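Please consult the sequence and the structure as you read.

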Amino acid sequence: FSVCLEWRGRPVITDPGTFLYTPDPEARNRFRSTLFHNTVMIDGREQRELSDGSFLLRGSDESFQARPMGEEVWAFTRPLAPGVSHRREIRVRAGEVSIRDVVEGSGSHQLQWRFHVHPSVQPQLAAPGFTLMVPETGPLLLEAEDRRVSFEITASEYSPAYGRRQPSLACSAQGEFSLPVSVEWRLRAGGNAPP
């Protein structure tokens, strides 16, 4: 359920990559963990249980349900835990991309989002979310207008090629929610940048 975004030919929200397979199992698991992907983590649970096996991920290998919801929207659904499911809806329109996360179930749960930005992109906190300073293209806004969400910028890593890594940053957000809940993120040009 991870998303990536390029804007005007520039990588903005990126997959951090693989880095290594067998020489460093801890780094291997860090780079394939849920928090190293641009998605939501629920109650600190991995989407797939990580193991010491460099190529093993426990759980089902069946694909997630995907369906169109009109010309501009796709929805993807996955089970998370007994009685809890996650649906991610992606809408692309002129000048804006929206990502809506719907978590079905009951009870109170901690939701945590990460959006890893390319090392050339400089994120800044800007209520209600982040301003992403993209070289040579101008700023993008990454926003979620939900008072239950707190925002911060965290250290991350990016692997441009196998065996190589470099420091990068991630836009992080979290909050405590009673299910069912829906949180929408919007990406759009900010400041004086044209759409």
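A: Aspartate 43 counts as partly exposed because its relative accessibility is 37%, where buried means under 20% relative accessible area, exposed over 50%, and partly exposed in between (1.4 Å probe, protein chains only). This is a predicted model, in which local features need pLDDT of at least 70, side-chain atom pairs count only at pLDDT 80 or more, and totals for chains, interfaces and linings use all residues. Residues are numbered from 1 along each chain as its sequence is written, and side-chain values use heavy atoms, with hydrogens and water left out.

Q: What is the phi of aspartate 43, and where is the residue found?

A: Most residues other than glycine have a negative phi, and most peptide bonds are trans. Aspartate 43, although not a glycine, has a positive phi of about 55°. It is found in the loop between strand E3 (40-42) and strand E4 (65-68); helices (H or I, at least four residues) and strands (E, at least two) are DSSP runs, numbered from the N terminus.

Q: Is phenylalanine 19 buried or exposed?

A: Phenylalanine 19 is buried, at a relative accessible area of 6%. Its phi is also positive, near 70°, and its place is the loop between strand E2 (10-13) and helix H1 (25-32).

Q: Which residues does a cis peptide bond join at proline 180?

A: The cis bond joins leucine 179 and proline 180, with omega about 0°. Proline 180 lies in the loop between strand E13 (164-178) and strand E14 (181-189). Leu179 is among the residues in contact (heavy atoms within 4.5 Å) with valine 84, leaving aside neighbours of valine 84 within four places in sequence.
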